[in-house]
Amino acid sequence: MAIAGDMGRENLNTWKNKVNHCIDEAKEKLFLLSKDIWSSPEIAYEEKLAHDRLVRFFSEEKGWQVESHYKLDTAFRATWGPFGGKDGDNVVNVGFLCEYDALPGIGHACGHNLIAEVGAAAAIGLKGVLESESNSPVRVKVTVLGTPAEEDGGGKIDLILAGAFEGMDVVFMAHPSQEDAVYLPDMAVHDVNVKYHGKASHAAAYPWEGVNALDAAVIAYNNLSALRQQLKPDWRLHGIIKHGGLKPNIIPAYSELEFYLRTPNRDLSCLRAKAEMCFRSAAMATGCQVDIMFAKHEYHNILRNTTLDQLYEENGRTLGMQFTTDQNVLNTPSGSTDFGNVSYVVPGIHPYFYIGSDALNHTEEYTAASGAEEAQFYTLRTAKALAMTAVDVLLRPDLLKEVKEEFAQGVFCEQAVSKSAPPAGAASVPH
Ligand SMILES: NCCC[C@H](NC(=O)CCN)C(=O)O
């Protein structure tokens with residue numbers, strides 16, 4: 001990777017130091033932003049307070065154009081620029097993503113308040129250096145997208161379909177974890193909701209008149225547990241019984257399950273077909289009617305961009321990050337994210353970051369860690385590494401071209417591998 005002649009390493013370092021300085025200067029208000037989001041956890045598509053708080057944050061900053069309720073009720077967009085370069089130059093549009101949805105019952109147990117903070121901090125850092133350096137060789141626009149509903153539904157996929165990512169050249173976000181990792185293998189996932197309809201009856205007086213929907217749910221659950229043993233080691237299949245009846249002496253007329261089906265790449269069709277047989281056979285065994293409703297969106301696996309990964313790692317190291325080398329962590333399928341779909345439409349990165357705690361995501365301990373002051377150092381360090389990587393993309397000649405070439409090649413290869421994968425945002429499949 002080359003460094004510009006007249007914009008050599010010294011200049012690059014000056015820019016990066018300024019980025020870090022701007023982020024440090026804003027640290028109090030960034031912590032307040034994060035803490036406010038953390039204190040009022042809201043689930044997917046209901047992040048009204050978080051939306052309003054982030055909109056207020058960017059409206060109070062100078063120079064940002066802020067669009068509330070941008071294409072979705074709880075999404076927003078804040079843009080700054082174009083700035084620098086010469087009139088008529090191509091504009092490089094750098095995107096930072098904020099997530100801010102919480103989990104039901106346990107609040108910000110995945111630390112999405114910190115994702116919002118990282119996105120806001122990195123954007124402020126990049127804008128800060130561009131403003132203070134009047135000689136930006138490229139014409140730059142900074143875009144912050146507030147993307148709701150990562151834990152459920154896939155707000156980023158809604159936004160992709162609504163055109164919100166059009167015109168972006170590169171996109172950055174980071175996710176809290178137990179370690180710093182440039183990349184962890186996030187999987188494709190398709191959520192499915194299953195309802196069994198039976199017939200109520202007195203469970204002791206005339207049980208033979210009933211059709212037991214809870215039995216159907218339990219049989220389906222067991223079918224899927226048996227299926228799991230036959231699946232590839234890197235596939236995942238897991239779920240809950242959401243409704244299982246009202247009272248022991250009423251044969252349950254209704255039950256409901258929710259399952260997530262995951263594979264390492266976008267072709268979920270085989271797992272979907274196998275799971276469907278499990279659900280249908282349980283209906284047949286019990287005489288229930290079944291409704292199988294797949295979620296409207298599938299999440300894709302993340303398409304890696306190693307050019308960006310490498311830069312992020314270099315920048316992170318200069319800030320003292322120690323990236324995990326544990327092969328178990330690096331190669332074990334982690335969860336899923338709707339950033340996977342973004343990674344197929346815009347080149348980008350989604351590194352993971354340590355937040356000062358060994359607690360595991362989706363636990364109450366992680367909720368506490370996400371709101372703790374200790375997480376702040378790591379969160380801002382991550383924002384700095386992202387913004388520094390954006391500086392590399394802007395200042396190093398031909399780097400953006402390299403990033404885009406790798407992206408195009410990656411999309412092409414993935415398409416060849418999973419020819420049968422449905423397009424992003426495939427319609428829900430009622431049965
Ligand atoms: N229904 C989609 C679930 C997404 C969820 N995401 C996370 O936990 C964020 C960390 N990757 C998941 O269960 O993977």
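This is a guided walk through the structure above, which is a predicted model.

Let us begin with a sheet. Six strands form an open sheet in the order E1-E2-E4-E3-E5-E11, and their pairing is mixed. At the edges sit strand E1 (65–67) and strand E11 (348–349), each of which pairs on one side only.

E1 pairs with E2 in the antiparallel sense, over three bridges. To find this pairing on screen, look for glutamate 67, whose bridge partner in E2 is arginine 77. The loop between E1 and E2 holds histidine 69. This residue has a positive phi of about 50 degrees although it is not a glycine. Is histidine 69 buried or partly exposed? Its C-beta atom has 14 C-beta neighbours inside 10 Å, so histidine 69 counts as partly exposed.

On to the next pairing: E2 and E4 are antiparallel and share six bridges.

Now we come to E3 and its neighbours. Strand E3 (residues 91–98) and strand E4 (residues 139–146) run parallel, and eight bridges join them. Valine 92 has valine 140 in E4 as its bridge partner. How does the chain connect these two strands? E3, helix H4 (residues 112–132) and E4 together make a right-handed β-α-β unit. E3 also pairs with strand E5 (residues 170–172), again in the parallel sense, over three bridges. In that pairing, valine 94 stands opposite valine 170 in E5. Why can E3 be called largely enclosed by the rest of the structure? Seven of its eight residues are buried, so the strand is largely enclosed.

E5 and E11 run parallel and are joined by two bridges. Phenylalanine 172 stands opposite isoleucine 349 in E11.

Alanine 149 is placed in the loop between E4 and helix H5 (155–161). Like histidine 69, alanine 149 is not a glycine and yet has a positive phi, of about 60 degrees. Its surroundings can be described by a count: with 25 C-beta neighbours inside 10 Å, alanine 149 counts as buried.

Next, let us turn to the ligand. Of the 13 residues around the ligand, Val189, Asp191, Gly335, Ser336 and Thr337 come nearest. Sorted by class, the shell has four nonpolar, five polar and four charged residues.

There is also a record to set beside the model. In an unreviewed entry, UniProt lists residues 192–274 as "domain: Peptidase M20 dimerisation". Over residues 192–274, the chain is 27% helix and 29% strand, and its end C-alpha atoms are 13 Å apart.

Finally, two residues show how sequence separation and spatial separation can be read together. Leucine 224 is in helix H6 (residues 213–228). It is buried, with 21 other C-beta atoms within 10 Å. Leucine 224 and arginine 272 are 48 residues apart in sequence, and their C-alpha atoms are 11 Å apart in space. Threonine 363, for its part, lies in the loop between strand E12 (352–354) and helix H11 (364–371). With 14 other C-beta atoms within 10 Å, threonine 363 is partly exposed. Along the chain, threonine 363 and leucine 311 are 52 residues apart, while 32 Å separates their C-alpha atoms.

Terms used. Residues numbered from 1 in each chain as written. Predicted model: local features only at pLDDT ≥ 70, side-chain atom pairs only at ≥ 80, totals over all residues. Buried ≥ 20, exposed ≤ 12 C-beta atoms within 10 Å, placed from the backbone. Helix = DSSP H or I, 4+ residues; strand = E, 2+ residues; numbered from the N terminus. Pairing = 2+ DSSP bridges. Right-handed = clockwise from strand over helix to strand, strands pointing away. Near = placed C-beta within 6 Å. Nonpolar A, V, L, I, M, F, W, Y, C, P; charged D, E, K, R; others polar. UniProt positions renumbered as here; feature names shortened; annotations may be inferred.
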